Amino acid sequence: MTSISHMDVKFLWGNSNYDYVCSESLGNSGGILCIWEASIFKKINTTVSDNFIAIYGTWLPTNSKILFIAIYAPQQTSCKRKLWDYISNIVGRWNGESIIMGDFNEVRSSEERRGSCFNPYSARYFDRFISNAGLVDVTLEGYAFTWAHPSASKMSKLDRFLVSDGIFSLFPSITAICLDRHLSDHRPILLREVKLDFGPTPFRFYHSWFDYVGFDDMIKLSWHSFSHSDTNGMIRFKKKLQDLKKIIRSWIKAKKLEISGSKNEMISELGAIDKDMDRGVFDDDTVFRRFELKHKLLNVSEMESKDNFQKSKVKWAVEGDENSKFFHGIINKRRAQLAIRGIFVDGFWETEPGMIKDAFFNHFASRFKEPANHRFKLNFEFNKKLHQNQMEDLERSVSRDEIRRAVWSCGDNKSPGPDGFTFEFFKKYWDCIGSDFCEAVEYFFVNSSFSKGCNSSFVALIPKVMDAKFVNDFRPISLIGSVYKVVTKVLANRLAPVIADLISDTQSAFVAGRQILDGPFILDEILHWCKRKNKKAMFFKVDFAKAYDSVRWDYLLEVLEAFGFGRTWCNWIRGTLTSAKASILINGSPSKEYSCHRGLKQGDPLAPYLFILIMESLHLSFNRVVDEGLFKGIQLPGSLSLSHLFYADDAMFIGEWSNENLSGIINILKSFFLASGLQINILKSQLLGVCVPHQVVEQAASLIGCSIMSNKFRYLGVMVGEYSSRIKAWDDVILKLRSRLSKWKVKTLSIGGRLTLLKSVLGASPIYNMSIFKVPTGVLKVMESIRSRFFNGADQSEKKVTWVAWNKVLASKKHGGLGVSSFFALNRALLLKWVWRFVSQDGSLWYKVIRALYGSSVETHSTSLSSNWCSIMREVNKLKGKGFDFWSHCKKRIGNGDDSRFWFDCWIGDVPLRVKFPRLFAFGPEQRSLVAC
């Protein structure tokens with residue numbers, strides 16, 4: 001069918017109340033038909049092309065302007081790029097919301113293709129189009145792939161819905177689903193609003209309630225009126241909170257009804273006054289009454305905006321923006337993206353709320369069930385143990401000041417647990433509630449246990465993948481109760497100062513003074529060194545399956561005893577673990593409770609410290625393997641050898657290339673699993689061979705069942721092995737910056753809001769990568785251009801007059817600027833921090849590696865090699881040529897003198913004394929003596 005008539009459309013639609021637009025096909029290919037209900041959508045204008053139809057109009061139920069674009073994209077990459085540019089231009093000029101749908105003939109990532117080649121450059125251009133147009137890819141429920149070859153050997157996700165952010169405000173329950181395919185090679189996709197009832201939602205405290213007249217008095221009178229006689233302080237506090245919740249619910253409900261009626265009356269009275277004023281009938285009393293009404297309405301609006309700000313979880317705000325479309329959009333978009341409307345259960349797509357809740361309950365109840373009794377046990381002494389005074393300090397009695405400090409260190413607006421109260425509530429009413437709170441916490445430290453029902457938590461589900469369709473596609477984050485959180489906060493605060501004495505420098509997570517970027521920096525340097533020296537090496541990146549959830553409690557307690565923790569401390573840790581129960585939050589509604597018999601809670605302040613102690617036991621075990629000669633690490637110049645790096649559950653093993661080394665890693669990890677419960681996911685683990693033939697690496701990977709890692713790989717969010725001087729290496733960073741400073745945010749934020757967002761975005765992806773690599777000048781210019789356009793309220797694709805020079809915005813406030821940090825200056829400052837760390841000899845593993853590779857004297861370090869450290873040193877020399885001498889700002893400070901050499905270190909300027917006074921140096925009897933000698 002090459003053309004279509006009204007009769008054909010009427011037959012398809014089923015009635016006469018329709019309108020339509022079509023683009024005719026070319027033979028048996030192409031052709032687009034758009035039909036809609038005339039009483040729902042009113043067409044204003046259309047644009048018809050071979051590859052798309054654009055329909056501009058009004059969505060009548062809400063009187064909203066919406067642009068619908070149906071796409072049938074061409075196969076050729078160049079034609080697709082022209083189409084993306086044209087569509088982006090159309091969307092940019094449209095003053096309304098947009099929905100783009102159809103066959104895009106393109107994917108966004110390698111996960112969206114199976115059995116066919118993936119073009120990363122074409123995908124990146126498609127991603128850039130989505131970002132520049134301010135669009136959001138609506139998550140497709142149901143099947144993962146929308147197109148399949150007749151043989152089913154090739155599958156891709158070619159069809160999708162792209163919408164503007166404002167669509168989530170118009171249709172808060174919007175969802176997309178991929179349906180069954182019958183005769184066509186494409187599956188049909190459906191965009192719809194689905195409102196499902198998953199059950200009641202628990203109580204949650206909102207900070208706007210503080211501003212209600214009489215709320216403070218109600219809280220204090222209610223709390224003092226409770227007369228629970230339980231001798232158990234924890235149970236008494238729990239019952240008081242439960243009673244208080246009932247009173248607050250009732251009081252707030254009545255207050256909101258009162259305010260709602262009062263608001264409507266004020267709006268009605270204000271309208272009547274405005275009509276009188278239009279007719280000229282008013283006096284001073286009327287003007288004053290109008291001012292009074294507007295002030296009261298503003299107060300009501302401000303209270304409503306506080307709820308929006310709290311729900312949005314945005315950590316920054318500008319007065320006046322809290323009630324804007326931006327915060328409404330954030331809330332609705334997050335709800336739409338995190339909502340679970342269906343999952344696959346036994347191969348079938350289930351959307352019934354009860355079935356979904358049962359599926360998640362069964363999955364997590366099984367995951368946290370009691371492990372088998374038999375396991376491997378530790379059979380060696382740990383060489384690091386707590387001192388007696390440290391152990392006694394950990395087990396001291398808890399004081400009320402310590403409890404109060406723990407409460408004040410908890411975030412005000414963190415998602416609450418089953419009790420529903422935020423810590424801002426407890427801080428505000430501490431004089432009233434604090435004594436009971438302290439008694440509840442003290443009960444735990446006396447009895448080493450939580451009372452029944454006081455160790456319950458909610459589990460929030462965070463998708464681990466873009467299109468989460470199975471129960472194991474979600475990561476559980478525990479929302480713990482306030483008493484439990486303070487107990488574990490007290491324990492964590494005590495453990496933090498001593499844990500550095502137990503954890504080796506191969507671990508860089510959760511220990512004060514250690515840097516997350518040390519690991520990627522070290523790997524990048526070793527990788528380049530191995531290539532320069534043509535040294536055969538292996539890098540084995542281990543993926544632990546559900547690491548936090550798999551920890552055996554009996555192994556954890558055994559590790560604590562091996563580190564020298566006392567009986568009381570171990571009982572406290574056991575008390576935080578046992579009697580734990582949890583329920584899953586599905587779209588805000590909790591499932592049934594299940595008991596936990598293993599695992600650590602992600603969201604518990606103590607859990608990270610306990611986990612790295614477990615990983616330290618793996619480090620000690622692996623060191624024994626290395627000492628026995630069963631594994632050979634990378635031997636760097638000097639005496640430094642490196643065999644592994646850990647950052648929480650991210651583990652990287654490094655060593656000489658050999659089958660014995662590889663089997664040694666696998667064997668120690670199997671033993672570790674049989675002792676601790678932490679099992680590696682071999683399919684997700686990756687092997688890289690440096691200076692090793694690809695065929696040999698393939699054979700080794702096939703033998704153990706892992707995948708092969710590229711020479712350029714991601715570790716802790718940073719690309720290792722990448723040549724950062726190439727502009728293409730920064731494409732992902734630029735894309736992220738564009739998406740975070742999107743067109744929708746330009747339209748919905750005031751200039752003050754845009755300025756604040758500009759500053760807060762510096763804490764996101766750009767600064768992380770800029771902290772370790774020298775950014776090419778061309779990339780920095782592009783990033784500054786994106787920020788400049790955003791600040792001036794201009795879309796990335798349009799030109800707009802700028803009223804303030806960008807250099808003025810970047811200037812400090814004391815020089816008349818707005819204090820926005822320059823990316824150029826920021827990148828250099830962050831890189832110079834590494835130089836400062838080296839010259840200050842911080843003793844970290846990173847420092848030891850750089851010293852082993854380049855020498856102890858920084859002035860002898862090469863700048864001609866292709867490594868990250870050399871690029872930083874080149875930047876130092878370049879700055880010196882421009883008049884900024886970094887070394888002149890560095891001065892030596894003597895510690896114990898063990899790392900300070902009198903003749904070889906720089907004491908005055910950037911030249912050592914042996915160079916300044918060569919004749920005196922020549923006569924010196926002990927030229928390499930240390931200052932400590």
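Predicted model: local features only at pLDDT ≥ 70, side-chain atom pairs only at ≥ 80, totals over all residues.
Residue numbers start from 1 along each chain as its sequence is written, and side-chain values rest on heavy atoms, with hydrogens and water left out. Local features need pLDDT of at least 70 and side-chain atom pairs count only at pLDDT 80 or more, while totals for chains, interfaces and linings use all residues.

The structure contains zero disulfides (a disulfide being a pair of cysteine sulfur atoms within 2.5 Å). Cys432 is in no disulfide; its nearest cysteine sulfur belongs to Cys438, 13 Å away. Cys432 is buried, at 11% relative accessibility (buried is under 20% relative accessible area, exposed over 50%, partly exposed in between; 1.4 Å probe, protein chains only). For Cys454, the closest cysteine sulfur is that of Cys596, at 16 Å, which is too far for a bond. Cys454 is also buried, with a relative accessible area of 14%.

Arg375 sits in the loop between helix 9 (353–367) and helix 10 (388–394) (helices are DSSP runs of H or I, at least four residues, numbered from the N terminus). Arg375 is buried, at 16% relative accessibility. Its side chain makes polar contacts with the side chains of Asp554, at 3.1 Å, and Glu558, at 2.7 Å. A polar contact is a pair of N or O atoms within 3.5 Å; within protein, one must be able to donate a hydrogen and the other to accept it, and residues adjacent in sequence count only if both atoms are side-chain atoms.

Asn447 lies in helix 13 (residues 430–447). Asn447 is partly exposed, at 39% relative accessibility. The Asn447 side chain reaches the backbone oxygen of Tyr443 at 2.9 Å.

Note on methods:
Helix = DSSP H or I, 4+ residues; strand = E, 2+ residues; numbered from the N terminus.
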